[in-house]
Structure formats: structure tokens, C-alpha cells
Amino acid sequence: MTVKFVRYASVLALALSIVSLPYAGPRLKAAEMQLIRVATLAPKNSPFLRSFEELDQSIRQLSGGAIGFQMYSSGVAGDEVSVVRKMRVGQLDAGMVTSDGLGLMVPEVNVLRAPGVISTYPQLEAVTRTLLPEFEAVFEQKGYKLISWGEAGEFHYFSREPIQHPNDIKRMRPWLWPQSPVMQETWRAVGTTPVPLGMPEVFGALQTRMIDVVESTSLQYTALQWHSTSLKYVTNEANGMLMGAWVMNKSVFDGLAPELRDKLVSMARANSVRESARNRESDQGSLRKLLERKYTATNYSPEGKKAFDVIHAEVRKRLVNRVYPEALLARVMQLANVK
């Protein structure tokens, strides 16, 4: 298991859900066209990169050789924080980022991760069906174009000891991704002291037992090989969904021919629907395999469920007007049928 693989494997399933198109003709020479610079953490020779090369070929053919993509893979452009910063200053034209990266562009997107709200796929569908078009408009106001959205599974807690009550987490050392305001406030409300680490550092920290609680989807968890460490418990309760998107600087997108813009978006979004459905199955399959091997699924106790509900309500309150408007949170809770 190399550090490079740990760093990049986490985005593969999500990236595949964002864009993957059929082959559409021969590649033209880069010197003959405008190259749109796109960054991703996915490694070279990965399924996602092969899919994106097919997209590149399709766009080159559709544009008559006027437009192509220059992919910066394997994280050479940096992590999501760096990608967003470079897009802002024009050093990159587009990026494939998860919900946390999207939240750096438009903080309101973090409402989709508000704890205790979206914990099932029907809830996610009810919320995104209404709000995604509105989010797209907000992104455009901020200077970005959302090409397509994707998802890659349900978040669960994976831990060294069973988690049935928030107090159980206090006896362990949870991982904190520093750029996640939801994770920051959740651990603060639990009353534990988390260990802030970048994604590439988590595997080593699990091996040395620097941390022993992580929040992840099963698909991401197994892709990163985190399951091969000392952790052996997973909560049955889902904490939300991993989402992400392919985002382009609006000025670059608007510079494309109208028919090319429409075709690019329609092809990417149609594929996103298909791949997201496959990712749901893969995520559930990954969880089943974990349970067949050494992992034990645990439920919150009745007292623990009540305690988590109180914590989630407190975290949502703390994030209001700092991360998302109160009215937006109320709409999401109404759409998700959460009281």
C-alpha cells in the first residue's frame, strides 16, 4: 500500500459517477486547440482517467478540433483546497471535487451534510431534486459552472471499539479533516479531541493507532485500504452521503460554443445518474464484504440515539448563518421530512 494510492483512491468511485462517456473519434494534436485544464486526485491509468480521455476525444470531435482537455491527475495540482484556490486565480479551469471542496466554493452546499438530516437515499433525492438547480445558480453567481453531480455511498463511523453512544467516542481518538466545518462542530459537540489530518495521512495514523475512529463511506473505506488496520466495528446508522461534482470556471464554460456547452452537460449528467446508481450498489457491496470478514455492525442504544439527536441539533444550530442560512436548513429539513 503506497502513500500515493492512499491519497488518490478515495475519489475514484465518485469521479466515475461524475463523468464517463463513450469513445467518439480520434485525438487531435494539442497545439491545434484550446486546452481546458482539469485537476483531479485520481491517478494515471485509473478507470476514471481512461473515461475522461474518452470524454476528451468526444469533445475534440464535437468541436471540430477546437477544444480539448488537459488533465492534471494524481494530485499534481494539490489537494482540493489547492485546486479550488488555483481555479480562483485562473491557474486551473476545472476540477473534480467532493462536497467539502464544493463547500469551499459555496459554503451553503454544506447544508447537504447537516447532521441528522439526510441519512437515506430517498431523503437525498427529495432534497437534491429541488435544491440542485438552485445551487447551480449560486455557483454561477460565484463564477463557477456545475457540469455534473455524483454520489459515492453512505457515511458511517468505523472504529476500534463499538459506538452505541456519543460517550463511546470520547474514549477514542477520532479523525478530523480540517476543512470540514460539519466534522469540526460534531466532534466539538461530542466533547472529544479529534486528530486533524489530511487524507493522505489517515492510513498511517490508523496503522499506528494515532486515530481509531473515522467517518467514511464503505466504498471509500475499502478503496483506501483503511479496513486493513486495527478497526473492526461499523455503525449501522448512516451519517449522510458522499457527494461531489465536476466544476468549471464559468468564464471558460461560457467561452465554449453554445451547442458544445449543451452537449457536454447533457452527456455528463446522463452518465452521472447511471454511475451514481452503480456506486450505491458498490457501497453496499463493500459493507457486506466488511461484515463477512472481521467487522461487526452495531446499533446506537436508545439512550445513545437520543444523545446523538441532541448533538446533531446543536451542530446544525452552530452552523446556521456561519455556513448556511437558517431558512435554507429549514427547507432541507422539510424536504427530507425531518422534524
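Two residues are in contact when heavy atoms of each lie within 4.5 Å. In this predicted model, Val-214 is in contact with a set of residues that, leaving aside its neighbours within four places in sequence, consists of His-156, Tyr-157, Phe-158, Trp-175, Val-202, Leu-206, Tyr-221, Trp-226 and Leu-231.

**The nonpolar cores**

The largest nonpolar core has 74 residues, and Val-214 and Trp-226 touch the most other members. Helix α6 (residues 121-141) gives the most to this core, namely seven residues. Another core lies apart from it and has 20 residues, including Ile-147, Phe-253, Leu-256 and Val-265. In soluble globular proteins, nonpolar side chains tend to be buried together.

**Aromatic rings**

Ten aromatic pairs are found in a search of the whole structure. Two of the pairs are set out below.

| Pair | Centre to centre | Angle between planes | Arrangement |
|---|---|---|---|
| Tyr-221 and Trp-226 | 6.3 Å | 85 degrees | edge-to-face |
| Tyr-300 and Phe-308 | 4.2 Å | 20 degrees | stacked |

Why do Tyr-300 and Phe-308 count as stacked? Planes under 30 degrees apart count as stacked, and the planes of Tyr-300 and Phe-308 are at 20 degrees, so this pair meets the condition. Tyr-300 has a relative accessibility of 10% and therefore counts as buried. Phe-308, at 1% relative accessibility, counts as buried too. Tyr-221 and Trp-226 are both buried.

Tyr-221 and Trp-226 also belong to one aromatic cluster, together with Phe-158, Trp-175 and Tyr-295. Phe-158, Trp-175, Tyr-221 and Trp-226 are among the contacts of Val-214. Elsewhere, a charged residue meets a ring: Arg-113 lies over the face of Phe-155, at 4.1 Å from the ring centre.

**Strand β9**

Is strand β9 (residues 241-249) largely enclosed or open? Nine of its nine residues are buried, so β9 is largely enclosed by the rest of the structure. In a regular strand the side chains alternate between the two faces of the sheet. On one side of β9 are Met-241, Met-243, Ala-245, Val-247 and Asn-249, and on the other are Leu-242, Gly-244, Trp-246 and Met-248. These residues are all buried, and both faces of the strand are covered.

Which strands are joined to β9 by bridges? Strand β3 (residues 94-98) is joined to β9 by five bridges, and the two run antiparallel. Gly-244 of β9 is the bridge partner of Thr-98. Strand β4 (residues 144-159) also runs antiparallel to β9, with eight bridges joining them. Here Glu-154 stands opposite Met-241 in β9.

Methods
Residues numbered from 1 in each chain as written. Predicted model: local features only at pLDDT ≥ 70, side-chain atom pairs only at ≥ 80, totals over all residues. Heavy atoms only, no water. Phe/Tyr/Trp six-rings, centres within 6.5 Å; stacked < 30°, edge-to-face > 60°. Buried < 20%, exposed > 50% of the residue type's maximum accessible area, 1.4 Å probe, protein only. Lys NZ or Arg CZ within 6 Å of the ring centre and 35° of its normal. Core = buried A, V, L, I, M, F, W, Y, C linked by side-chain atoms within 4.5 Å. Helix = DSSP H or I, 4+ residues; strand = E, 2+ residues; numbered from the N terminus. Pairing = 2+ DSSP bridges.
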